[in-house]
Amino acid sequence: MIKALVLAGDGINCEQEMSHAARAAGFKVDIVHINDLIQKKFSQDHLKKEYSALFMPGGFSFGDHLGSGRVLALKLTKGLNWNLEDYSANGGIVLGVCNGFQALIAMGAFGKKVSITHNIQNKFINRWVELDVELKVAGKKDASANVFLKDLEKMYLPIRHGEGRLLFDSSVDVANCPDFKVSLYYSEDVNGSTQQIAGLTNPSGRVFGLMPHPEAAVRKTQNPQWTLCPEKSHEEEIGMMFFKNAYKEASCL
Amino acid sequence: MFNRTEVILKNELQDPKGMALLARIQKWNPVLSQKIKSLRVVDLFWTKFEGESAEFTEAAKDIWWDEVLQQKHWPESHWVVEREYHPGMTDNLGRTGLEALEICCRRELLESQVVSGQAYLFVGPELVKEDMEKITSNLISNSLIHRHRVYSRSEFEKYPRFESSEIGPKFILPTGTTPQGQIVPILGMNDDQLIELSKKNLLSLNLQEMRAIQNYFTKEKRNPTDVEVEILAQTWSEHCKHKIFSAEVEYSEEASKKSNIPSKISSLFKTTIAGTTKELPKPWLLSVFKDNAGIVAFSEEEAVCIKVETHNSPSALDPFGGAITGIVGVNRDILGCGFGAKPIFNTDVFCVGPLELTDGLPSGIIPPAQILEGIRSGVEAGGNQSGIPTVNGALYFDPSFVGKPLVFCGSGGIMPRKIADKLCAEKKIENGDLICMVGGRIGRDGIHGATFSSLEMTESIPSSVVQLGDPITQRRMTDFLIEARNLGLYRTLTDNGAGGLSSSVGEMADIAGGARMDVSLAKTKMHGLKPFELVISESQERMTVAVPPKNKAAFLELAHRRGVEVSVLGEFTHSGRFEIFYAESKVADLSLEFLHEGVPPLQLKAHWVEKAAPAGATEPREEKPFQTLKAILQRPNIRSKENLIRQYDHEVQGRSVVKSLQTSKTQRSTPNDAAVLALSTELKSNNSIGVVVGCGLNPRLSAVDPYIMAQAAVDEAVRNLLCVGAEFSLGDETVLSLIDNFCWPDPVEDVEKMAALVRTCYGLREACLALKAPLISGKDSMKNDYKGSQNGKPVKISVLPTLLVTAMGRMPDYTLARSADFKKAGDKVYKLGPAQLGLAQSEWQGLHAEAKSEVKAVTAPAPNWPKALNLYQWLGSKESSEYLRSAHDLSEGGLLTALAESCFTNNLGLEFSSALELHLAKTSFGEGFHQFIVSVPAEKAATAEKIWKQKALDFVEVGSLTATAEWKWTFQDQSHSIAVEELYQAWSRESL
């Protein structure tokens, strides 16, 4: 049985949708409140032993009050001291969506030279947007560059965020940084993010964070244009591929 | 130790917050804004910390410092405005700051405090002090909730901002006084003194009610305490007791045709609202009118509850705070419904004044543009942060809403029909169950909210009535309570809204048969709250829960684990009394019977004079209908609301099937009529039941006849559901329920406004009975008047009598849902439904009135229910989904508006049938009842027409869709055309 941990509590909002998608892909899912993890002193070893995948859903943890994902990252770091680099190097995979991505950034999963802040319009924005997948390493196609995005090139997903503008320290060469790889671009400038970047992966390709919501694009009827082809209304939507890829990857080990 | 932390964005990075504020200043005062060269915002945090400064420094770095985004040095500017909340106001950033400190220091910090604020840095050498004060008081600081200081460059340099002497006073100091109750010497008072007492203490009770209280205490042979008087005032307030709807009414009318409204009405609520539902006993009605929300069975296992609230008075004073407390408040109604439901959607309807009104408004009134921005962002913050999608709403502009905006906040929730054999809809409490207050703490915020909203708005308002919401505390509480519900840890619960503990415990005591509590045990935000303040404070994010004593330990343990605070205040009894203690001393002891039944009924008079039908009403013509349409599409009530809609998260929880906007990949949108949500979010489930939500209102028709206005609201709400494919039949299997929200100008001393209320109620009743759709929940707000002064002269502004109808229906299979956009060139377009349109109070009439062009005498629309029902039954059947590729209702702006909107998403053109008489204003722009625009695939058109003929449905062929995005209409050898792009630009250019 391949198990996934879906984080909940403190204003995380999307744990149900995330769990439904992960379950439909084959995972056995535990939705666990952060406070329960901390109370149980759920260490890095426990995480490695019990769960093949860690899903960090979207939401408004701590109301985004001191910067999105920031206090959640502090609570995870101080309370659990997980080393996600090490977790992923030992077979674990991690997906952070929206607020989960913001928390991953604040935890340093993609190094210290990246941050995320208010959209340039200073507005929350909910819409669907086309995305381009980047699965290249040193100019060559490489599926292992991101285990969630295998066989995906273009996709159409919803974004729902007020703080999705990625900024990098001026010393960073974004295309060639040892701390992260760019995995996903918006096909247009939706929030002022540097180079229209929508998602980052850690060097191992197994810790992936993105602002768009794959878990909200799993049924065709969630796609805003589905009524154009009502005969396809029972089909799956593309976000499901993230979870199927994850399951395939986790079950290979 | 004290500290000031400054979060300063790097100079080289663009500052969205500063740019957004600058844009608002530009809109508000273009001339003044030219003096501003740049504007940046710095976040400030003042901390009182109980540990060593080294420990704080390390923690502060973890919490606030970001080397990619921030710099340490303070940027140059000509002016600095600093702002923070008044002490005691809810400060969410400060509270999270303290929580972050506790995380870093790994311990509870009981003596520490964090206060948040902002600094606004203005660069502009020409700016003078008066400019800064003007900008600050208009757009930065609301004196009811904020305090601020304006510094010139030289003043700021001298300001010792890091010194303890400056930081210390930011924090609330505990007061040393022992709170005590007081005796109110009511027994010997004469009538004048009773009225004076009511006024002075904001009780908003009339003489009869004050006398009833006096009589009660004469029998009790003692004077009341201040706590008792306050509890009675809250419980008997118009807001809580709905005295106008319960009144004895004498109704008379002068009309050409006598209506069937009786001349004596004993409670409008009992006869027209609850009475109507009684005549429609649907098997799926699980709970109506008695709980926080109406509860409807949607399947064998699941029930959905729904409630719509208004938060008008608070939003007039502090639009953001008023709206956020409105939305999180109605979410608590859902959470506190039955044994607790999980909110799955929000709705919002705003009625505000025209946005161009910026200057010269009566004193104390916030300009409509700022009201709208404030209430929009309040609903955004409340819904988005709570993870509840905002799925449906409306925006309505009229000058009558300048004095008080109407802010309707709705919410729906889902609950299992049974948990461990207990029925969800039943509220039971046993003798001895513990009274637990869960969630937020009590502060001085929101004292007298219920009684205040039962008064007209004036220039002098006590700031204690204003509250701010804290969605994160509420989110934690919600998660905890749903978890506790599923574990069976509590018996039942209700929310703390208007009236605070006095109402919530008072209501639950009525179920149990009594209650005894000690309010000194309640957790508070500050020391020194008086007993009456503890009892009536409306501090947010609190629920009152009845917990069986055997579950106390488990309930408290889970709460602690979820980071939720609980105060155990006492227990429910069967003494028939509501007893309150403050530690040892008894501060209230009221008979429940008197509390709930003792209020004397109002006696009201209503007299209706029919508006004479316009003499010589002719058929107005529009020789260039497409050009007129362009002007109509730009009108605020019609114009695109995309900017507003996209700032709401309308997809969280993953249920959305039909969204507010039907948007193409090129980001062009048609507004959909109603929202469709998946009841089950489980993938691979067989359950494809859809929840359908829509609304209708048309307050301007009140000017014609409120009887018509009410029916139009019902019809629009129901038509919206039918467009997207909700089921409809006259049988019991159709799940369709309605929610009524009345917002009225004070009708107590005004026979005409009271008659408007009576007629609205009877119009509503007629429509409900015709459609066989029961009312399941509702609310009224009866004092929507502003009294103040303008240029030294007294003014009164009253809102239009407004009925909002929210409709909630069901689809057995949401994969058959329809959207409003035309989809394919070649499809045929029809208008379905009997022609029941008129131009009176239409957007077309508004356009002509504003242009000061001669307003022609025009007729009003009227319903034809028997014909409508034929059509609605077909639209609500599965068969219609085989033929209709789109459906959109014909509402504000009439036929051409609906057609234009439907063309936008897929950028299709329309070749109009030459038989259409678009030159008649009534055809092109008439508004009213029963009509729809639908598109049908060309190959199915003949069969569809055959079916409609068989069923005797009215239909008119409008034309055919074309791939070329242009409209063409040839009539009497004259051709008219317009590019769809031109229409789209008119509609979307200044999206609200």
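In the predicted model, helix 25 and helix 26 of chain B pass each other in a right-handed crossing. Helix 25 covers residues 706-724 of chain B, and helix 26 covers residues 751-771. Their axes come within 7 Å and cross at roughly 40°. Helix 25 of chain B contributes B:P706, B:Y707, B:I708, B:M709, B:A710, B:Q711, B:V714, B:D715 and B:V718 to the contact. From helix 26 of chain B come B:A756, B:R759, B:T760, B:Y762, B:G763, B:L764, B:E766, B:A767, B:C768 and B:L771. By class, this contact holds 13 nonpolar, three polar and three charged residues.

The axes of helix 18 and helix 21 (residues 552-561) of chain B come within 10 Å and cross at roughly 145°. On helix 18 of chain B, the contact residues are B:F480, B:E483 and B:A484. Their partners on helix 21 of chain B are B:F555, B:L558 and B:A559. Five residues of this contact are nonpolar, one is charged and none is polar.

Helix 18 (471-486) of chain B also gives two or more residues to the side of chain B that touches chain A. Across that interface, 59 residues of chain B are in contact with 56 residues of chain A. Other elements of chain B that give two or more residues include helix 1 (16-28), helix 3 (53-64) and helix 16 (368-386). The largest share, eight residues, comes from helix 4 of chain B. By class, the side of chain B that touches chain A has 20 nonpolar, 19 polar and 20 charged residues. For the complex, the predictor gives an ipTM of 0.96 and a pTM of 0.95.

Chain B as a whole contains 33 helices and 43 strands. Its radius of gyration is 29 Å, close to the 30 Å that the globule rule gives for 992 residues, so chain B is as compact as a globular protein of that length. Along the principal axes, the C-alpha atoms of chain B fill a box of roughly 85 × 70 × 65 Å. The average pLDDT of chain B is 92, and 97% of the residues score at least 70.

Helix 32 (residues 938-950) of chain B has 13 residues. From first C-alpha to last, helix 32 reaches 19 Å, close to the 18 Å expected at 1.5 Å a residue. Just after helix 32 of chain B, B:A952 takes a positive phi of about 60°.

Conventions:
Residues numbered from 1 in each chain as written. Chains lettered and ligands numbered in written order. Predicted model: local features only at pLDDT ≥ 70, side-chain atom pairs only at ≥ 80, totals over all residues. Axes fitted to C-alpha atoms, helices over the stretch in contact; angles between N-to-C directions. Helix = DSSP H or I, 4+ residues; strand = E, 2+ residues; numbered from the N terminus. Left-handed = near helix turned anticlockwise from the far one by under 90°. Contact = placed C-beta atoms within 7 Å. Nonpolar A, V, L, I, M, F, W, Y, C, P; charged D, E, K, R; others polar. pLDDT = per-residue confidence, 0-100. Expected span 1.5 Å × (residues − 1). Rg over C-alpha atoms; globule rule 2.2 N^0.38 Å.
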